[in-house]
Every structure is written in structure tokens, then in C-alpha cells.
Amino acid sequence: MKQWQTIFDIDTRGQGFYEFSREIRNWCTDQKLYCGLLTLFIRHTSASLVIQENADPDVRHDLNRFFCNLVPEDPELYRHRCEGPDDMPAHIRSVLTSVQLSIPVVQGELALGTWQGVYLFEHRTTPHSRQVVGHLIGE
């Protein structure tokens, strides 16, 4: 059994989905792993990780709109506003999604479905530099 780790640096331009499946696949391929498990962990509390459809961008648009409606950026609703009106809603959206993903590696490939992609889901309205830690274990 072997283990590898890396950090994926992802710059965002504001709220939305940022696919980084290709970067993950390339890194996993470089490790020449046949069977294992990839864990991804985002090192932030106002962004999250999701596996979502990568064929039709309307899906991601609708999801982003849904979360904006579900958790509005209304300063009157929140006590925590240190970094602006989008700060606390971003933390809530992160809690409702996930900061960690696990993806099996089968015969050297990520076991994602045909239309699945791995995304950083940015919940803040301004650009941010985000880090996702990748940990791969297997043989």
C-alpha cells in the first residue's frame, strides 16, 4: 500500500462552480495507482466540494441560484458579518454541502460516472485563492 498527497490551488472569480477534474485525473495518473481511494479536502469554511453534472452548465447555474435563494445574503439575518454580507451565507452553504469527498480509483481511473465532474463550489461573491488537499492511498 502506498500513499501520495498534493495540494490543488484553485483561483475563483466569485460565486459558482469551478471544475478541476482534469487536474485531479492528471495527478492520479502520474501516481500509477491501479486500485485505491482518493480523498479531497478543502481548507476553507466558505467554499465546498461537490460532484456534479459536467455536461449541461444550466445544472450548475440552477444549483447556484437555489443556494442563493435558500441562504440569502441579507445582513439583517446574521450576526456574523465581519467580511461583508456574503460571509455568513457562505459559511451556511458550506455546511449544507461538503468539505470532503472520497472517490474510488478503479483500474487506474477515477470511478466517476459519465457526466460527473469534481467542483470547488465557491460561496463568496469576490475572487478567492482556494486550496484542496488530495490524499491518494492504494496500490
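R124 is a buried residue, with a relative accessible area of 4%; buried here means under 20% relative accessible area, exposed means over 50%, and partly exposed is in between, with a 1.4 Å probe and protein chains only. Before going on, please note that this is a predicted model, in which local features need pLDDT of at least 70 and side-chain atom pairs count only at pLDDT 80 or more, while totals for chains, interfaces and linings use all residues. Residues are numbered from 1 along each chain as its sequence is written, and side-chain values use heavy atoms, with hydrogens and water left out.

**Salt bridges**

The structure holds six salt bridges, each defined as a side-chain nitrogen of Lys or Arg within 4 Å of a carboxyl oxygen of Asp or Glu. Three of them are set out here.

| Pair | Closest N to O |
|---|---|
| R124 and E83 | 3.1 Å |
| R93 and E73 | 3.5 Å |

Let's begin with R124 and D87. Helices (H or I, at least four residues) and strands (E, at least two) are DSSP runs, numbered from the N terminus. D87 is buried at 1% relative accessibility.

E83, in contact with R124 through a 3.1 Å salt bridge, is exposed, with a relative accessible area of 52%.

Next comes the salt bridge between R93 and E73, whose closest N and O atoms are 3.5 Å apart. R93 belongs to helix α3 and E73 to the loop between α2 and α3, so this pair ties together parts that are 20 residues apart in sequence. R93 is buried at a relative accessible area of 2%, whereas E73 is partly exposed at 31%.

**Helix α2**

Helix α2 covers residues 57-70, and its 14 residues should span 20 Å at 1.5 Å a residue; the end C-alpha atoms are 20 Å apart, which agrees. The expected span is 1.5 Å times one less than the number of residues.

Which residues of α2 are buried? They are R60, N64 and F67. These residues cover an arc of only 65 degrees around the axis, which puts them on the same side of α2; the arc is that of the directions from the helix axis to the C-beta atoms. An α-helix has 3.6 residues a turn, so residues three or four places apart point the same way.
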